[in-house]
Amino acid sequence: MESDKKSSVSDVGAWAMNVISSVGIIMANKQLMSSGGYAFSFATTLTGFHFAVTAMVGLVSNATGYSASKYVPLWELLWFSIVANMSITGMNLSLMLNSVGFYQLKISKLSMIPVVCVMEWILHNKHYSREVKISVIVVVIGVGVCTVTDVHVNAKGFICACVAVLATSLQQISIGSLQKKYSIGSFELLSKTAPIQSISLLVLGPFIDYYLNGKFITNYKLSSGAIFFILLSCSLAVFCNVSQYLCIGRFSAVSFQVLGHMKTVCVLTLGWLLFDSELTFKNISGMIVAVVGMIIYSWAVEIEKQTNAKTMSNVKNSLTEEEIRLLKDGIEKTTTVKDIELGESKE
C-alpha cells in the first residue's frame, strides 16, 4: 500500500514536471522568438542547443555516478535520432508551409492521438476499451474547438505534416519500447540519444532555419536579453526532455498525448494573462470540454487497470489451483509406485 502511494506521488511529480517545464519553455521561446521580443527565428538550431545542454547534463550525471550507462545498440540509437529529428524538422516545415490552423489541426492537437493509437495497435497489438476511445474523442473535440482557427493547406505542407505526425508518433512509441526492451531508465536513454540529436541538429539546423526564414544564425546580433532567454530555454528543455521520457516510460504514448493537452489549456491561459492574447468564449468552452475529456480518460484508464488486475488475479488463482492438483496427483502416483516397489521387494 505504501509503495502504491509512493508510485502515485512520483507519477504526479513526473506529470507536473512535464507540464510546468513545457509551458515554461513555450513562454520563454515566445519571448525569445517573437518579433516583439528578441526575434531569434532559428527554431531548429535552438533545439540543437537544447539537446546539447541535455547531453552535457547526462555526461556529468554518468561521470559522477548519479546514473549508470546501459548498453543499447548504436543502430537503434541512430534510428531513433533520425526519427526524432524528422519529427522536429517536419513540424517546423509544416508550420512554415501551412496555416497555423492546419498546423494545430494536423500536428500537435488533434491527429497525434489517433495516429499513436493506430500505430500501437499495428506495432504492439494494443487494444483500447470503449471508455478510453470515447474519452479520446472528447479531448480531440475540446482541443479542436479551443485551438483550430483558419485551415489552409497545400501539397508540400500536407506531406511535411504527415511526415511530422508519423515521426512524432513513432518517436514517442519508441521511447517506451526501448526502455522496456533494454531495461533502461528514462534519463539513461535520454543521455544516450541526446548527443546524437544535438550534433546532427547543430550541423543541419542552421541550413534548415535558413530555408525556413532566409536568415543565417551567424548574422544574428546577440544581446544580453537574448542570451538569458536562450539559457533559460535550454535549462527548461532539460526538464522537459527528461520528464517526457519519464512519463512515456511510466505510462504510454497515448496517455502522454491525452494528458499532455493540459499544456494547451495552460498555454492559452498564460498567453491571456501574460501576453494579452485573446481568450474568447469559444476558447473557454473548448478548454472545459478538453478538461472533461481528460478526466474521463483518467477514469477509463483506472477502470481498465482494475479490470486487468482482476483478470491477472483470476489467472494466477486458477494456475495455482491447477498446480496444486497436479502436485497432488504427482504425490499420489509417486506413493503408488513406491508401494508397488515395496510389495515387489517383500515378495
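This is a predicted model: local features need pLDDT of at least 70, side-chain atom pairs count only at pLDDT 80 or more; totals for chains, interfaces and linings use all residues.
Let me begin with the cysteines: the count of disulfides comes to 0, where a disulfide is taken as a pair of cysteine sulfur atoms within 2.5 Å. In general terms, a disulfide is a covalent bond between the sulfur atoms of two cysteines.

Residues are numbered from 1 along each chain as its sequence is written, and side-chain values use heavy atoms, with hydrogens and water left out.

Now to the overall picture. The protein chain has 12 helices and 0 strands, where helices (H or I, at least four residues) and strands (E, at least two) are DSSP runs, numbered from the N terminus. Of the 347 residues in the protein chain, 43% are buried. If we take the contacts with a separation of 6 or more, 86% of them join residues 24 or more positions apart, a contact being heavy atoms within 4.5 Å.

Let us turn to the aromatic rings. A pair of aromatic rings is described by the distance of the centres and the angle of the planes. The structure holds 7 aromatic pairs; rings of Phe, Tyr and Trp (its six-membered ring) pair if their centres lie within 6.5 Å, and planes under 30 degrees apart count as stacked, over 60 as edge-to-face and the rest as tilted. In one of these pairs, the ring centres of Phe-40 and Tyr-220 are 5.1 Å apart with the planes at 85°, so the pair is edge-to-face. Phe-40 sits in the loop between helix H1 (2-33) and helix H2 (43-63), and Tyr-220 in the loop between helix H8 (186-213) and helix H9 (224-250), so that this pair links parts of the chain 180 residues apart. Phe-40 is buried at 2%, and Tyr-220 is buried at 19%. Tyr-220 also pairs with Phe-42, with centres 6.0 Å apart and planes at 80°, so this pair too is edge-to-face. Elsewhere in the list, Tyr-38, Phe-228 and Phe-229 form one aromatic cluster.

What about the nonpolar cores? In soluble globular proteins, nonpolar side chains tend to be buried together. A nonpolar core is a set of buried Ala, Val, Leu, Ile, Met, Phe, Trp, Tyr and Cys residues joined through side-chain atoms within 4.5 Å. The largest one has 14 residues, and those with the most contacts inside it are Phe-80, Ile-175, Leu-189, Val-242 and Tyr-245. Helix H3 (74-97), H7, H8 and H9 each give two or more residues to this core, and H9 supplies the largest share, 4 residues. Apart from this core lies another, of 13 residues, among them Ile-25, Phe-42, Phe-229 and Cys-234.

Is Ser-169 buried or exposed? At 0% relative accessibility, Ser-169 counts as buried. Its side chain reaches the backbone oxygen of Val-165 at 2.8 Å. Leaving out residues up to four places away in sequence, Ser-169 touches Met-112, Val-115, Val-116 and Met-119.

Conventions
Buried means under 20% relative accessible area, exposed over 50%, partly exposed in between (1.4 Å probe, protein chains only). A polar contact is a pair of N or O atoms within 3.5 Å; within protein, one must be able to donate a hydrogen and the other to accept it, and residues adjacent in sequence count only if both atoms are side-chain atoms.
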